[in-house]
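This report looks at aromatic contacts, a surface patch and a pocket in the structure shown below.

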Amino acid sequence: IGLVLGALSLGQVAVAAGAAIVLGALGAVVALARGAGRKGAIPFGPFLAAGAVVAAIWGPQIADWYQRTFLHV
């Protein structure tokens, strides 16, 4: 994922990682709400893939928004 998105821009790699973390957290909350135990394993690969898709489609827009909002660039 880093190789493919990194060839496009480093910002898209950061967006993919951030989106994967957020989507993984949401998936964990859903799993806990459905009765899964805290010790159970949740595969992170699907969330990494979903983050890569988000970054491939909306990566530049999200990276620009983040820089304008939080870094004042």
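Trp65, Tyr66 and Phe70 form one aromatic cluster, in which rings of Phe, Tyr and Trp (its six-membered ring) count as a pair if their centres lie within 6.5 Å, with planes under 30 degrees apart called stacked, over 60 edge-to-face and the rest tilted. The model is a predicted one, in which local features need pLDDT of at least 70 and side-chain atom pairs count only at pLDDT 80 or more, while totals for chains, interfaces and linings use all residues. Residues are numbered from 1 along each chain as its sequence is written, and side-chain values use heavy atoms, with hydrogens and water left out.

By the ring rule, the count comes to three aromatic pairs, and two of them are set out here with their geometry.

| Pair | Type | Centre to centre | Between the planes |
|---|---|---|---|
| Trp65 and Phe70 | edge-to-face | 5.7 Å | 90° |
| Tyr66 and Phe70 | tilted | 5.0 Å | 45° |

Tyr66 and Phe70 are four residues apart in helix α3, and they are therefore separated by about one helical turn; helices here are DSSP runs of H or I with at least four residues, numbered from the N terminus. Phe70 is partly exposed, with a relative accessible area of 48%, where partly exposed lies between buried (under 20%) and exposed (over 50%), for a 1.4 Å probe and protein chains only. Trp65 is partly exposed as well, at 44%, and for Tyr66 the relative accessible area is 44%.

Val53 is found in helix α3, which covers residues 45-71, and Val53 is partly exposed at 47%.

Which residues line the largest pocket? The lining is formed by Gly11, Ala14, Val15, Ile62, Ala63, Trp65, Tyr66, Gln67 and Leu71. Helices α2 (10-33) and α3 each supply at least two residues of this lining, and the largest share, six residues, comes from α3.

Methods:
1 Å grid on protein atoms, 1.4 Å probe; cavity = no way out; pocket = protein on both sides within 12 Å on 5 of 7 lines; lining within 4 Å.
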